[in-house]
Structures are given as structure tokens and as C-alpha cells.
Amino acid sequence: MVHLRDIKTDVKIGSLTLRNPVMPASGTFGYGEEFAEYVDYNLLGAIVVKGLSLEPRAGNPPPRIIETASGMLNAIGMENIGVQAFIKDKLPFLRQFRCAVIANIYGETVEEYCKVAEVLSGAEGVHALEVNISCPNVEKGGVAFGTDPAMVHEVTGKVKSSTNLPVIVKLSPNVTDITGIAVSAQDAGADAISLINTMTGMSVDIISRTSNLANLTGGLSGPAIKPIALRMVWEVYNKVNIPVIGIGGITTPEDAVEFMIAGASAVQIGTANLINPLATMDVLEGILTYLEVQDIADLRDLVGSLKLERPEE
Amino acid sequence: MPLNKRILTGDVISNREVAEGHFLMAVKLPFAFETPLPGQFIMLRIKGKSEPFLGRPLSVYAFQRRREKVICEVLYRVVGKGTQQFSLLKFGSTVEVLGPLGRSFTIFPSEKDVILIAGGMGIAPMTYVAGHYRGSKAGSKMKMICYTGARSMDDLVALERMEVLCKTKVSTDDGSRGYHGMVTDLFKNDFPTLNIKKTVIYACGPRPMLKALAAILEDQPVICEVSLEERMACGVGVCLGCVTAIKDDRGNKQYKRVCKEGPVFNIKDIMWD
């Protein structure tokens, strides 16, 4: 019987080693300071900060969010303080913690992605980049890059040559074949794939007959998208040989374990942080308990362990 | 950084319909729950439910801490799925509470006349402000008036508690009680009689009401703070879902988070259109 303290939970993403597989999803954890009184960041595998662009962005007009069945739609529109302000005002705070810092980056053009990547590569305390080619709520950039395999290849390749940090490419589910996109990212040198970002959706106010979001459409997140995310993680896991980071409605440790069985080497907790700032900690604790109870000494033995044949009744 | 914040579990000790569609809920909380400042809110969620999924922001209406007993009261109107589910909670139901959250009203230590203007459920934080002043040494003697308005008599809630705390003037849109018209018009009639340099105004209500108030107070040298209502997901500043347009120092538009930089803002900083 394996003892809790002997369980191996480290995850390798390119040259980076995470202590454990649990991290928050970009945009649900601010720039890091916001949850510091709730979560001991030293216990997280990594922190993934809000998406950063070269210049500050004001984001979309309100209303920006609306609850839907078992989830929510958001159309924040990449509001962020810009990469320079992040390095100057937010990064010093994050350096005090043991966990890795993953900067999520966004651009309207390939050049902007590369520039943001370059700037962050020179900053002390950033350990990896997550390239957001999947934001559905902006006019330019974002998902426009993430739905075409050739564009994915170009952005990934050029970001890779702009940085020596490990590069994670975050994929959009708003595509017909997620595996083609994932393979393009891998071929262009991605160190890992994270998926899924939100699914485009809509919600209407029947009294005013207007959209519940000023942006008309938004990105659906939360438990509502979990089965879709899980299926896509499984599909991608079977087509690539780089680590897959599972995202999409993970709220409980059981959800996270499902993703790992389907092929996720690590998981990101997103919308669940919004209803419970301690969601990452609860999920981490539960994963460890699961591994102990199931007598699994190394997390890697769980990843992709889905059995295709059902046991005989 | 101290790890001193978490979601607390509370027990509903009463959840009473005080007027049609309006409820007063009292939640018993652990001692660790901090005493809310006037204008602060909590995120309330039904434990273990994925529907409604998100918590709902509710202003603190009343609060008491007696030894180990901590009770937070909130007032709400059933407007959607979330509040509808709240209305079904019974004695002993378990809720999750995050808070107190947000920027509070500025409380002046002495020598102010206090005006409270409430529209609809805006009465909740206004009552907590009034109670806070009345509970302090200086505030117990301050001149305080509350203007409160609702669509009709049936929607005027929590008047009794306010009337105990201060002089209360009432308006209804349909004229079924008090002044027939908007609460801001009722206030406007009295406005010329105020010593505005000595007055502080607090307001909470629907956005059109606050906008009308802003128009009345335009160019007037009076302190006025308002509490805004906005849909929220997290309540703690990470999701950027609840922003409102605010004028920065140079008069440029900037989005500020109602949950973090607010819900209380200086009325002069808010951009209404």
C-alpha cells in the first residue's frame, strides 16, 4: 500500500517540472494576488495568470457575464493591464512562492504574440507561457488563430522561436477536428497542449429581447462543458506525444481524475474558483487521496489509463 | 500573507416572506465571519447545488455578534432562478457565505447631516448604514433622513426598521402610498432646504434612479456615495465580470470592478451612458 507522502505527482512540461498537476485556469485567478489570502500558492503546481497582451486592454462593455445551466457565459474581452504592468506590479509578488508561474499570452497579430512572449522571457519569475489562441470574445486574434491548423502552426512556431520558456498552446473547442489543431501545435514545437477554452454560446432576455451579454455572444464554461472537454482531451491524448493539460468544468477531485484517466497529465481549475476560491486546494487534496486509496504510486500511471474493454459482468 | 479567508458555512435560521416576492433571510455564521462594514456584501450560495451554479451578491441588511452567535441578515426580491431557489430555503438549510466583500461607504465621525436614498431593495444597505450611525456615539445624535421609494405600497419593505432609526419619507410610482412619483423627485423637492456642505448622501437603488440622482447633484458641492448593483460571478475581483464605467482622474473611461473597487462609488465618478 502506497503512503501518501511517497506518491509521485510531478509533471514535466518541456524543461519545466511542476510539483503537482493542479493549477488554476487563466482568467479565474486574477494576476495572483487576489486569492493569496485563500490559497497557499506554495501548494499549487502552478499559477496561470490572466491573459496578457502587449498594451493594456479595456475589455468589452458590461454586461459581461450571465449564468446558464450548470455554468456561465462570459465575454470579458481580454481586459488586462498589459505585459509591462504585469512584470512591474504583479510579478514581484508571485516570486515569493515555490509554484511555477505560467503567463497566458494573447495578441491580435502573430507579431504581437511574439513580442509579448519576448518581453515575458526576459522577466524573472515566469516559468512557462500559455498561448491563448482560443478566446472567443475579441474581434481580432484569439480564436481566429485557433481554428485554422496552418495559423496554429505559424503562431506556435513563431512564439517558440521568440522564447526559451516552455510553450503551452491553449486550444479552442469551437472547431470540427480538435486533433488536427493539436497536431499542428505539436509539429510547430509546442511543449504541451491545454484544452479546452470556452465554447461559444448565447443567452437571451425574453422581456427586452436582447442578448444577456453586451457582446451578444460569450464563452460557456463550468460543469456544463465538462463532457465535451473530456472527450476532446481523450481525442487529443491519442494523437499527440506531448503532455495534455485538461480544462473544462473541473469542480471536484473526481472530475480531475476523470480527465487524467482520459489522458490529461495535469488539470486546470477554472469556473469552480469563482464559486469556491479554494477549489484548487480541494481538487489537489482529493486527487492525492484517490491515488492513495487506489494504491497508485505515480500519477503518470493514471494518465491515459482508460480501459477500452468493459470488464465482464 | 496570512491565509485567513475561506468560504464559511452558515445555517438559515429564518427565511420569511415580508411582502409579496420579498424575503428576509437570517443566516447563523461561524464566529470567524468578520463584522461587515456598511455597504459591504456577501456572496450567498446554496451548499452542494450546481443549479443555481454561481453565488448571488447580497448587501448586508443587518448583522449581530453576541458572544459566539453571529447572525447576518439579507433582504432580497425574487427576480430570477437564484433568488427563487433562495426563497425555498427552510430553517436549518445550509448555505455557503463568502464575505464580507467590497468597498464600504465612508462613515463620517461627526457633524454631518445624513441623507439616505433607497429605491426598491436598495433599502437593505441603507438600513445597515443608518443602524451603523445610530450605533455610534456621534451618529446617535446626527440628523438623518431616509427617502425610500418603490413601485407600489406592496413593494415597500423593511420600513419599520428604518422608521425606528430615522425620519423616513416614502414615495411610490403608482401613488399607493406617500409621494406619488420617483423617490429622487421627492428628494429633489427637499434639496434646496439642505445645508449641503454639511450633508452626506448615501444612495442605493436601480441604475435609472441613481442616474436621476446624479443629475440633481450635478455641480453641487455635496458628498454622495452610491452602491451599484451588477451581476457577479466571483465577488472577489478575479473574473472581471461585474465592471462598470468610471471616470479616471483625467475624465477618461475606465472599467472598475463593482465587487472590488465598489460596490460603493462616488456618484460623480460614475459614467451613466
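This is a predicted model: local features need pLDDT of at least 70, side-chain atom pairs count only at pLDDT 80 or more; totals for chains, interfaces and linings use all residues.
Visitor: How many salt bridges does the rule find across the interface of chain A and chain B?

Guide: The pair of A:Glu37 and B:Lys5 is a salt bridge. For salt bridges across the interface, the number found is two.

Visitor: Which element gives the largest share of the side of chain A that touches chain B?

Guide: Elements giving two or more residues to that side are strand S5 (65–68), strand S6 (71–74) and helix H8 (272–275) of chain A. The largest share is four residues, and its source is S5(A).

Visitor: How many residues of the side of chain A that touches chain B are nonpolar?

Guide: Chain A has 38 residues in contact with 31 residues of chain B. On the side of chain A, eleven are polar and seven are charged. The nonpolar residues there number 20.

Visitor: What is the area buried between chain A and chain B?

Guide: The size of an interface is often given as the accessible area lost when the parts come together. Here carbon and sulfur atoms give 64% of that area. In chain A, the residues that lose the most are A:Glu37, A:Glu67 and A:Ile275, together 25% of what that side buries. The buried area between the two chains is about 3,000 Å².

Visitor: Is B:Lys112 buried or exposed?

Guide: B:Lys112 lies in the loop between strand S7 (94–101) and strand S8 (113–119) of chain B. Beyond its neighbours within four places in sequence, its contacts include B:Met142, B:Lys197 and B:Ile223. Its relative accessibility is 15% and the limit is under 20%, so B:Lys112 counts as buried.

Visitor: Which residue is the bridge partner of B:Glu17 in S2(B)?

Guide: Strand S1 (residues 8–19) of chain B pairs with S2(B) in the antiparallel sense over seven bridges. The two strands form a hairpin with two residues between them, and B:Gly21 in the turn has a positive phi of about 80°. The partner of B:Glu17 in S2(B) is B:Phe23.

Visitor: How many of the eight residues of strand S2 (residues 22–29) of chain B are buried?

Guide: S2(B) also pairs with strand S6 (residues 69–77) of chain B, antiparallel, over eight bridges. In that pairing, B:Val27 has B:Cys72 as its bridge partner. S2(B) is mostly covered, and its buried residues number seven.

Note on methods: Residues are numbered from 1 along each chain as its sequence is written. Chains are lettered from A and ligands numbered from 1 in the order in which they are written. Side-chain values use heavy atoms; hydrogens and water are left out. Contact means heavy atoms within 4.5 Å. Buried area is the accessible area (1.4 Å probe) that two parts lose on being put together, summed over both. A salt bridge is a side-chain nitrogen of Lys or Arg within 4 Å of a carboxyl oxygen of Asp or Glu. Ala, Val, Leu, Ile, Met, Phe, Trp, Tyr, Cys and Pro count as nonpolar, Asp, Glu, Lys and Arg as charged, and the others, Gly among them, as polar. Buried means under 20% relative accessible area, exposed over 50%, partly exposed in between (1.4 Å probe, protein chains only). Two strands pair if DSSP finds at least two bridges between them.
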